[in-house]
Amino acid sequence: MPLQRRAKRRKNFVDREWWPWHEEDKFTKYPSFRDTHRCIPSVRSPSPVPELPDIVVYTESLVRHIVGRTLQRVRLSSPFLLRSVTPPIEAIVGRAVVGVRRMGKRLILEFGDELFLVIHLMIAGRLRWRGVGGKVPAKLGIASFDFRDGVLFLTEAGTKRRASLTLVQGETALALIDRGGLEVMEATPAAFAERLRRENHTLKRSLTDPRLFSGIGNAYSDEILHRARLSPLLLTARLTEEEAERLHLATITVLQEWTERLRAEVGDGFPEKVTAFREGMAVHGRYGQPCPACGAPVQRIRYADNETNYCARCQNEGRVLADRALSRLLKQDFPRTLPDEE
Ligand SMILES: [Zn+2]
């Protein structure tokens, strides 16, 4: 890194004196730490986007920890983290949290006067809760919210800043942020099938499209399709009635099972290990390992910096979907690099 830039970066860190945690020391003393750690190759494709089960469990934990409590202070590592201009962030300081909701893969903290703070974790954003005197998160914090008996931290690993906060006032303004995806847990089989057929895409793309379905990303779509015994590349227009019903049932079952599992893991605490690769997943993140249903090796389709996992025997009549033959289809009809950007 050129010296000038290094000096500038150092100055930035010094300017941010209020930033309390020890991470800062690491960057102040060794400004190139982040750069030297940037290129560590990941063994598996990076797609740990929190999806519906994670967000539901976050929501429930937040209700337990902050609803009814007054927000005493907000600190942001960068003004760019806040994507809205009015009302200013100070508008929520001194107010009590009156509710917590989920919208797609986003979390919404509700304050009085219909003020809604929308937290979008994107890929690497995570929430941490630390009670008074608790150890601050090891990973870099980008925002903190102080309450009387603890601090809620927003952290984001890596160097890309994608997580965001948006403060809006009024239900109408909040509704504008909604991408309109169907809430699958409450949807009837007919409504689910209608969404599937609204546009003709591969199942993988439709399930992960936030305009069509709410809260499903790369990990759980792999699990859902495996449970439904359907190929990720099957086109929604070709889906039979029976297959659509099977997919609906698989979607609800998989999301419900994982929500309950994560809920049990968290108990009365706060979710600490939010990752897309979980022990017990059938195919996602398990390339080359035996399918739990039939024992055949789990296959993958790679695209951009993501991958889809499936079992050829259970989901595609034993045929492996060759990467080469797929290239055209993938370009036209597969989730983009970040299928979860909402
Ligand atoms: Zn199988």
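Me: How many residues of helix H8 (residues 218-228) are buried?

Reply: Burial is judged by counting neighbours: a residue is buried if 20 or more other C-beta atoms lie within 10 Å of its own. In this predicted model, 11 of the 11 residues of H8 are buried, and the helix is mostly covered. Among them are Tyr 220, Ile 224 and Leu 225, together with Asp 222, Glu 223 and Arg 227.

Me: Is Val 168 buried or exposed?

Reply: Val 168 has 20 C-beta neighbours inside 10 Å and therefore counts as buried. This residue belongs to strand S8 (residues 164-169). Beyond its neighbours within four places in sequence, Val 168 contacts Ser 84, Phe 116, Val 118, Ala 173, Leu 174 and Ile 177. Glu 110, 58 residues away in sequence, lies 9.9 Å from Val 168, C-alpha to C-alpha.

Me: In what order do the four strands of the open sheet lie?

Reply: The order is S1-S6-S7-S5, with antiparallel pairing. Strands S1 (73-76) and S5 (125-131) each have a single partner strand, so one side of each lacks a neighbour in the sheet. From one strand to the next, the twist averages 15 degrees.

Me: How many bridges join S1 to S6?

Reply: Four bridges join S1 to S6 (residues 141-147), and the two run antiparallel. Leu 76, for instance, has Ala 143 in S6 as its bridge partner.

Terms used: Residues numbered from 1 in each chain as written. Predicted model: local features only at pLDDT ≥ 70, side-chain atom pairs only at ≥ 80, totals over all residues. Pairing = 2+ DSSP bridges. Axes fitted to C-alpha atoms, helices over the stretch in contact; angles between N-to-C directions. Buried ≥ 20, exposed ≤ 12 C-beta atoms within 10 Å, placed from the backbone. Contact = placed C-beta atoms within 7 Å.
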